Amino acid sequence: MSAYDVIIIGSGPGGYVCAIRCAQLGLKTAVVEGRDTLGGTCLNVGCIPSKALLHASHMLHEAEHNFAAMGLKGKTPSVDWKQMLSYKTETIGQNTKGIEFLFKKNKVDWLKGWGSIPEAGKVKVGDETHDAKHIIIASGSEVSTLPGVEIDEKTVVSSTGALELSKVPNKLVVIGAGVIGLELGSVYKRLGAEVKVIEFLDAITPGMDAEIAKTFQRTLKKQGLEFQLGAAVQSVDTKGGKAKVTYKLRKDDSEHVEDADIVLVATGRRPFTDGLGLEALGVGISERGQIKTDGHYATSVKGIYAIGDCIDGPMLAHKAEDEGMAIAEILAGQKGHVSYGVIPGVIYTHPEVANVGATEEQLKEAGTAYKVGKFSFMGNGRAKANFAGDGFVKILADKSTDRILGAHIIGPMAGDLIHEICVAMEFGAAAEDLARTCHAHPTYSEAVREAALACGDGPIHS
Ligand code: NAI
């Protein structure tokens, strides 16, 4: 048994970042992790492996569609799926080992096994119980499936199984047009599968700025993804390694069946808190299964805190990381803080889609007087040269003060471009501040500046 200032349960982006920050601030820290490797869902079966497959399949798409036009002639590469999976596995390994290294460097102990909290101040891992002044739950989330749909991770898969398919399927049916469905759907489309996405609502990516969502759907359709919107999946039946997806159209209740080799269930995730013993401890849990916390991540039990996917807010790795840093700083006597109005969201398709702050729909609903500055990547020299002219930057600013209220980008490197707007928003900048900042030419970032100019006297290149 050992005594720690802080024990964190879970080594995903929330937990491991929190641990490193705690250690940097002089707290004796340990992390409990039951997987064989550190990094949680994000590094092992989420963000990182999916990005490897997105990158590889995008390279193939470039070779098939744009190489010849650039004067790169010759045989188009074919898919060696086994090698692509090993590339993905190697990428995961580099990242998870990186965290192990960082733990050693910062003297964070890894308590191997699944943890539970028998009482405040104690964490049990296997047969050992450790003392901790503070316990932070960073146990993440798990796939939430639908009634009538059983995930076997072979024919009916979650994102985890979709990253480990034995081959590229001929036909993939994706249930849910959210982030996971569209990222992985576009991977398999580019690798040659027929992909049909079935979505309950009448638009893809709920919550996204509607104009961007429309453009996004049009772009994905052009890439060959098929969509059935307004459809509620009733059941998935499997037989002989194939599946039949039954869904009802919400507009007329008519029933339809879609055959598939693989079905990807991407209908959201729910907090994962099994086995922690929270009920016995009296830790407050919401109706949605989230651990209830106050503004400083404290649960209803003194000395126990929670961060990341298992509490309220967007289930995003970087939101969890920021909360991890904030709670570490709070426990070290500093003023940890997360700026929830400035958390970017990114969908790593090609083109990428990124957003921060309010959507136009939210501003309308709130009755805020706003203006819109838009700029198409067609007017951006770098994008044109790189066959990346599809998409646009849209900045929403307060009509009278010019303060930036939100930004939405669909286009090349949108997930990187969004950050200059995040920084501007953190500093309470006006669109004019961005517009007056010199941007190097030729870069994609100039499109952001042009959108900022469009909030004022107008962009130059449109
Ligand atoms: P999601 O919440 O993004 O999308 C789920 C979709 O499924 C919604 O559009 C919903 O309307 C639809 N749906 C629900 N029930 C349905 C039914 N019966 N029939 C048809 N459609 C139905 O969830 P997703 O994509 O599974 O992602 C889970 C979490 O992981 C999200 O919170 C997401 O933000 C996070 N994530 C983030 C990534 C990123 O930041 N790039 C990448 C992957 C996941």
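The following legends describe close-up views of a predicted model. In this predicted model, local features need pLDDT of at least 70 and side-chain atom pairs count only at pLDDT 80 or more, whereas totals for chains, interfaces and linings use all residues. Residues are numbered from 1 along each chain as its sequence is written, and side-chain values use heavy atoms, with hydrogens and water left out.

View 1. Asp 309 is located in the loop between β17 (304–306) and α9 (317–331); helices (H or I, at least four residues) and strands (E, at least two) are DSSP runs, numbered from the N terminus. A salt bridge requires a side-chain nitrogen of Lys or Arg within 4 Å of a carboxyl oxygen of Asp or Glu. The side chain of Asp 309 instead makes a polar contact of 2.7 Å with the side chain of Ser 141. A polar contact is a pair of N or O atoms within 3.5 Å; within protein, one must be able to donate a hydrogen and the other to accept it, and residues adjacent in sequence count only if both atoms are side-chain atoms. Beyond four places in sequence, Asp 309 touches Gly 140, Ser 141, Pro 271, Met 315 and Leu 316, contact meaning heavy atoms within 4.5 Å.

**View 2. The salt bridge between Glu 142 and Arg 270.** The N to O distance between these two side chains is 3.0 Å. Glu 142 belongs to strand β7 (residues 141–143) and Arg 270 to strand β16 (residues 269–271), so that the pair links distant parts of the chain, 128 residues apart. Glu 142 is partly exposed at 24% relative accessible area, and Arg 270 is partly exposed at 40%. Ser 144, in the loop between β7 and β8 (156–157), is buried at 15%.

**View 3. The salt bridge between Asp 402 and Lys 371.** The closest N and O atoms of the pair are 2.9 Å apart. Asp 402 lies in the loop between β21 (392–398) and β22 (404–411) and Lys 371 in strand β20 (residues 370–376), so the pair ties together parts 31 residues apart in sequence. Asp 402 counts as buried, at 11% relative accessibility.

**View 4. The salt bridge between Glu 432 and Arg 436.** Their side chains meet at 2.6 Å, N to O. Glu 432 is partly exposed, with a relative accessible area of 42%, whereas Arg 436 is exposed, with 66%.

**View 5. Trp 110 in strand β3 (residues 109–112).** Trp 110 counts as buried at 17% relative accessibility. Its side chain reaches the backbone oxygen of Glu 33 at 3.2 Å. Leaving aside neighbours within four places in sequence, the residues in contact with Trp 110 include Val 31, Arg 35, Leu 38 and Glu 100.

Key:
Buried < 20%, exposed > 50% of the residue type's maximum accessible area, 1.4 Å probe, protein only.
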